[in-house]
Amino acid sequence: MNTPQRPQGAYGAPPGQRYARPITWMPAPPPLPNCPPGLEYLSQVDQMIIHQQIELLEIITGFETSNKYEVKNAWGQMVYSAIEDTDCCTRNCCGTLRPFTIKITDNVGQEVIELQRPLRCSSCLYPCCLQELEVHAPPGTPVGYIKQTWHPFLPKFTIQNELHQDVLKITGPCIVCSMCQDINFEVLSLDEQTAVGRISKHWSGFLKEAFTDTDNFGVQFPLDLDVRMKAVLLGACFLVDFMFFESAGGGRQRMGVWG
């Protein structure tokens, strides 16, 4: 006797079951000489898009949860995924100033980049203890640093290589409040006369901006830029996000470089 078959929906799943959109990963490029493993992807792109994922628990309870991100290329293909590695106490007591480690993994789950942010000051009265971020690729091997530069009005950063030598500059706007438009941080040459790239915080729509602190970023850089410096600029997106676009106490975001 034939066993009755259970009714099936699309692709053999139970009727009414919804499906998540399939994730398309960027094809893995061949290994490159003198390239940290996992950074070969960066050799083929001149821009990347970072989508922060919405955390329902954070929206409902108000407790800060670990940030999670998808890093995609210009065609919408996944290149990396990223997750913040902090404990609950650090996230909810230190807020946007919290130290963190962000682990960035490729399509097979291999950790290829690690971002380390120490606990630093955000006051203009302490220019010797400003924000910074260290980028490792692979973990344990520093490839560069992002260091905030003191300025009375503007968000300014210096991009350094693994030897702490200055390579690029980043300058943001005086007002970093997102009002129905993108906010751009220009990536500049050392003399700050030539724009070579851009970090953009994309406007996500009124509801997202008002009721969540999930953010979308884009970063552009020259195609022939060293992959290590591309990884450092990717790290700069996360530092900018935490400094200016994460919600502080009471859901308030910073309006300028000092608050």
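This is a predicted model: local features need pLDDT of at least 70, side-chain atom pairs count only at pLDDT 80 or more; totals for chains, interfaces and linings use all residues.
As for contacts with a separation of 6 or more, 43% come from residues 24 or more positions apart.

Now for the aromatic rings. A pair of them is described by how far apart the centres are and by the angle of the planes. The structure holds six such pairs. Take Tyr41 and Tyr80: their ring centres sit 5.8 Å apart and their planes meet at 70 degrees, so this pair is edge-to-face, the cut-off for that label being over 60 degrees. Tyr41 belongs to the segment before strand 1 (47-52), while Tyr80 is in strand 3 (residues 78-85), so the pair links distant parts of the chain, 39 residues apart. Both of these tyrosines are buried.

Phe217 and Phe245 also make an edge-to-face pair, at 5.7 Å centre to centre and with 65 degrees between the planes. Because Phe217 lies in strand 12 (residues 216-220) and Phe245 in helix 4 (residues 227-245), the pair ties together parts that are 28 residues apart in sequence. Phe217 and Phe245 are both buried. Ring pairs also join them with Phe185 and Phe244 in a cluster.

Elsewhere, a lysine meets a ring: Lys147 lies over the face of Tyr145, at 5.8 Å from the ring centre.

How values were computed:
Residues are numbered from 1 along each chain as its sequence is written. Side-chain values use heavy atoms; hydrogens and water are left out. Contact means heavy atoms within 4.5 Å. Rings of Phe, Tyr and Trp (its six-membered ring) pair if their centres lie within 6.5 Å; planes under 30 degrees apart count as stacked, over 60 as edge-to-face and the rest as tilted. Helices (H or I, at least four residues) and strands (E, at least two) are DSSP runs, numbered from the N terminus. Buried means under 20% relative accessible area, exposed over 50%, partly exposed in between (1.4 Å probe, protein chains only). A charge sits over a ring if NZ of Lys or CZ of Arg is within 6 Å of the ring centre and within 35 degrees of the ring normal.
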